[in-house]
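Please look over the sequence and the model below. A short report follows.

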There are 2 protein chains.
Amino acid sequence: MKLDLSTLPRQVRVVEVGPRDGLQNEKVRVPTEQKIHFIRLLAEAGYSEIEVTSFVSPRAIPQLSDASEVMTGLRDLPAALRLTALVPNLKGMERALAAGLRSVAVFTAASDSFTRHNINATVAESLAQFRPVLALAQREGVRVRGYISTVFGCPYEGRVDPRRVLAVALELLEMGVAELSLGDTIGVATPNQVVEVLDLLLNEGGIPLERLAVHFHDTRGTALANVLAALQMGVSCVDSSAGGLGGCPYAPGASGNLATEDLLYLLHGMGIETGVSLEQVVRATRFIATVLDHPPTSKYYLAATAQTPCSES
Amino acid sequence: MKLDLSTLPRQVRVVEVGPRDGLQNEKVRVPTEQKIHFIRLLAEAGYSEIEVTSFVSPRAIPQLSDASEVMTGLRDLPAALRLTALVPNLKGMERALAAGLRSVAVFTAASDSFTRHNINATVAESLAQFRPVLALAQREGVRVRGYISTVFGCPYEGRVDPRRVLAVALELLEMGVAELSLGDTIGVATPNQVVEVLDLLLNEGGIPLERLAVHFHDTRGTALANVLAALQMGVSCVDSSAGGLGGCPYAPGASGNLATEDLLYLLHGMGIETGVSLEQVVRATRFIATVLDHPPTSKYYLAATAQTPCSES
């Protein structure tokens, strides 16, 4: 036997990013009340962390301009459930603190042309902008997650040098980021790249395994194969989006974020515990699907909710 | 580093099953001329084997009642390209021989309730029916591929004992089958099951690696993760269907066969040679898509043919 799966993590922490990363990339604008209801359904599924919104400029991303109102609607959720919000800068951080957040995320990339295009700054400039955010977070005892986008490829530059990823990762950790989420923003990664990047970060960079999460997009169908490779490298935190929310808005049926349902099906099938109820995630997706302008892209969801089950062929 | 991908096969043989397994499971009946054109486009992609049709009773599967006509339209394809057809019994075998086939496939399962439901016979009865088929094939020097369905789960029985798979596999090989294709017919497998079954067949059953192929369905999104596990176990023959043809007809967007495009993207990304042109497969899928009543389910195809590329999010 060449493949030994007994060394895989026995538990995986699934970070739900549907309400933020998902809805932000949907064309439809979801009313605040329905966002709150969606997040509350997700909370019932048993996650330990849900990324709920983003304190960005309402002009930049109008879909998330109701960040404070969303937080107000979630005030009574148990403190054991970590609610995280994205903050682009110090102003966003201050709004997040005012809204009661105890966990935030910052967002940069491994390629300058991507950050220039998205946030009109180089990677170095974006990191410099995070310094006061991290300092304030530290003073307030707030946990910070750091997203690195375009880890496995950039829409403008193509292949990204893993050493760029390592440099950005080390700088974020040095600033005080608690966890790094390595993003395959455009869904181009294959498992060999996952091994290459993780090997560099873990073995050459000396980054502890428990500081690393992976964030795959399923644009070309490789997300779960990449998850399997990451698990085999020891990673035990995976981001995903209920229903696959945030699919590519330009192609009907095309995929963006890895769907939580597909991830849970894989993990649970392999005997890996997540604490998250797959059935309850399907229920949350079924609710938000009524608001979207297209069916969810999760394959598990589509099979599970088919009128006649997809069983034979 | 815990995961060593350098031991993966350097070359993988991709067996294209779209024209048979795919079209058989599409609601739309494709005119013979368009089937022939589709297969000829696929042939240009560089496959070494394409399963083109099935010599089943026209009453059972009207979509494939033109098997002989399809073969006539492919007569001038190079002999190096192996064209395979499914034969359910001796009568089908005789028709296949008359149509000039030099490679056929037989089809059984690892669960009795599945074969009873599909071909009104137990697994043992189906195997008995193959004996004269295999004997005739041997006399004529025709290669026989053996499909085993429901290897990882049955729609009627649920979990399938891997020892049942081993017993069926050994009997097929003893009869003279050249290659076994292990089918996850309902798309329920997770990588641990792939490892378990392959370990049993290879190490306890003593079946040589080169006699095994895998045939995954992507119904719940796990097909490529299962391919990765199979590659890590040393398997180097994978079945797939251009565009993901043969999706679950009951749910819009739901998936059946693993899409060839997604498989090729994974394999080529990992530096594994297939000899098949991904671009040419996309071209073949684009053609057949004009005949179908739904978009293809291949994620790579959907991303590649989006009017605006799915790049950012």
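Which residues does Arg20(B) touch, not counting residues up to four places away in sequence? Arg20(B) touches Glu51(B), Val52(B), Thr53(B), Ser54(B), Leu64(B), Leu86(B) and Tyr147(B). Contact here means heavy atoms within 4.5 Å.

This is a predicted model, in which local features need pLDDT of at least 70, side-chain atom pairs count only at pLDDT 80 or more, and totals for chains, interfaces and linings use all residues. Residues are numbered from 1 along each chain as its sequence is written, chains are lettered from A and ligands numbered from 1 in the order in which they are written, and side-chain values use heavy atoms, with hydrogens and water left out.

**Arg20 of chain B**

Arg20(B) sits in helix α1 (residues 18-24) of chain B. Helices (H or I, at least four residues) and strands (E, at least two) are DSSP runs, numbered from the N terminus. The relative accessible area of Arg20(B) is 3%, so the residue is buried. Buried means under 20% relative accessible area, exposed over 50%, and partly exposed in between, with a 1.4 Å probe and protein chains only. Arg20(B) and His294(B) lie 274 residues apart in sequence. Their C-alpha atoms are 18 Å apart in space.

**Chain A overall**

Chain A has 12 helices and 8 strands. Its radius of gyration is close to the value from the globule rule, so chain A is as compact as a globular protein of its length. The radius is taken over C-alpha atoms, and the rule is 2.2 Å times the number of residues to the power 0.38.

| Property of chain A | Value |
|---|---|
| Radius of gyration | 18 Å |
| Box of C-alpha atoms, along the principal axes | roughly 55 × 50 × 35 Å |

Of the 313 residues of chain A, 63% count as buried. Take the contacts in chain A between residues at least 6 apart in sequence: 75% of them join residues at least 24 apart.

**Helix α10 of chain A**

Helix α10 (residues 260-269) of chain A is mostly covered, with 8 of its 10 residues buried. Among the buried residues are Thr260(A), Glu261(A), Asp262(A) and Tyr265(A). Leu263(A), Leu264(A), Leu266(A) and Leu267(A) are buried as well. Just after α10(A), Gly271(A) takes a positive phi of about 75°.

**Confidence**

The mean pLDDT of chain A is 93, and 95% of its residues reach 70 or more. pLDDT is the predictor's confidence in each residue, from 0 to 100. The model scores ipTM 0.94 and pTM 0.95.
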